[in-house]
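The following questions and answers go through a predicted model.

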Amino acid sequence: MFQRVWVSSPGSWALRKPDRHRDGKPTSWKCGFVRTIIQHPCPRHDSKGPGKARMLKKIQICLCFFFVSGILYEISLLSGCCFSYMPVSKHFLTPEQVLNLGKSIIFLETTERLEPPPLVSCSVESAARIYQDRPIILFMKGLTNDTALDLNSSYAAFSLLSSMKNVFIFPLQMETVFQETPLLQWYNQVVPEQEKNWVHVSSDASRLALIWKYGGIYMDTDVISIRPIPEESFLAAQKSRFSSNGIFGFPARHKFVWDCMENFVLKYNGNIWGNQGPFLMTRMLKTLCNLTDFKGTEDHSCQNISFLNPQRFYPIPYPAWGRYYEVWDKSPNFNHSYALHLWNFMNHNRKAVVAGSNTLAEKLYKAYCPTTYKDLIQNAELRVFT
């Protein structure tokens, strides 16, 4: 599906999905590796060449040593359970290899920018901290396979995120993402230059295709994670009877996601913002469920899909988005929330987190993405002052 940057060969490594124990429980993805070895017939005894036999034995011992070293090294790469983490080796892994591990947390950057803003960095870092046993993937449209991997020397946020052991940054190649989905025909016919909402529409499509193919959780890059989401198949209510598409999760090949992709193409109208996003999710959910108003902090369930209360991700609704950048007399505890959507689309005035401002957003950065706060907020202020 994706262009490879490293290919395993016979006698080397191949990633595989987690096995299951006899009791049916899946093993951890972190050590899901299998070594592929070509079996060779045992060499026949050659009475005329004892030196040759000894040489072959030494070669076999060396090969075994390299195999074992490789096993331990690659296990430590993702899990960190045996050895210290070595970031450069993450570049050997392809998107498919990481996605096939399952239960990924997926972020998308569909603009051409290569330097993630602090809020994007905070979103990814907070997810990496909350979901330490799951791969966190940031797909960037501006990144290509030809882009030099030493970008981390130029972009502070890129370097910061690349150094996190369970964070992976890959190019977003839409044509390959849409393969084997109803979205491919649409993508081949649409003209991006003529689409006024292309950045949002292409993101709406890409998130559906990736979750359908591989499963996991999709999150917008302005969502700060504060505790794990316990649901596997869920949509997030933005308000009663209305679903967002800024965060959702499903197992791979889920019928609801496939139906959403078909409706995306059938009802496509790129001129209406959200028609392929939250409005799509809402109209598809309504075909399955009789949506009612939420009472208190209860969640709704329909057809084995959890429709999560607005308090889970949107305790501050979009008309009040600016409150994240205000000073509160008493900060809310968000005890009923799994993550917080900061409504960056509404932030036309480009409000930002400023060190020492004591705003709610600054407190969230300090609590859930402290490295981003230190490197991109405090250090930036220090550099400007200097």
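Helices (H or I, at least four residues) and strands (E, at least two) are DSSP runs, numbered from the N terminus.

Q: Which element gives the most to the lining of the largest pocket?
A: The largest pocket has a volume of about 1200 Å³, and 45 residues line it, with His200, Asp222, Trp343, Asn344 and Phe345 nearest its centre. Elements that each supply at least two lining residues are E3, H3, helix H7 (198–214), strand E8 (234–239), strand E9 (242–250) and helix H9 (278–286). With five residues, the element that gives the most is H7.

Q: How many residues of the lining of the largest pocket are charged?
A: The lining of the largest pocket divides by residue class, with 21 residues counted as nonpolar and 15 as polar. The charged residues of this lining number nine.

Q: What is the volume of the second largest cavity?
A: Searching the whole structure gives two cavities of 30 Å³ or more. The second largest cavity is lined by Asn197, His200, Val201, Asp204, Ile272, Trp273, Gly274, Asn275 and Gln276, a set made up of three nonpolar, five polar and one charged. Its volume is about 30 Å³.

Q: Which residue in E5 is the bridge partner of Met140?
A: E4 pairs in the parallel sense with strand E3 (residues 105–109) over five bridges, and there Leu108 stands opposite Phe139. From E3 the chain crosses through helix H3 (residues 118–130) to E4 in a right-handed β-α-β crossover. Five bridges also join E4 to strand E5 (residues 167–171), and these two strands run parallel. In E5, the partner of Met140 is Pro171.

Q: Is Tyr325 buried or exposed?
A: Tyr325 lies in the loop between strand E11 (305–308) and strand E12 (339–341). Beyond four places in sequence, Tyr325 touches Leu119, Leu342, Asn347, Lys351, Ala352, Val353, Thr359 and Ala361, and its C-alpha atom is separated by 7.2 Å from that of Val353, 28 residues apart along the chain. Because its relative accessible area is 14%, and the cut-off is under 20%, Tyr325 counts as buried.

Methods: Residues numbered from 1 in each chain as written. Predicted model: local features only at pLDDT ≥ 70, side-chain atom pairs only at ≥ 80, totals over all residues. Heavy atoms only, no water. Buried < 20%, exposed > 50% of the residue type's maximum accessible area, 1.4 Å probe, protein only. Contact = heavy atoms within 4.5 Å. 1 Å grid on protein atoms, 1.4 Å probe; cavity = no way out; pocket = protein on both sides within 12 Å on 5 of 7 lines; lining within 4 Å. Points joined across faces, edges and corners; volume = space filled by probe spheres on them. Nonpolar A, V, L, I, M, F, W, Y, C, P; charged D, E, K, R; others polar. Pairing = 2+ DSSP bridges. Right-handed = clockwise from strand over helix to strand, strands pointing away.
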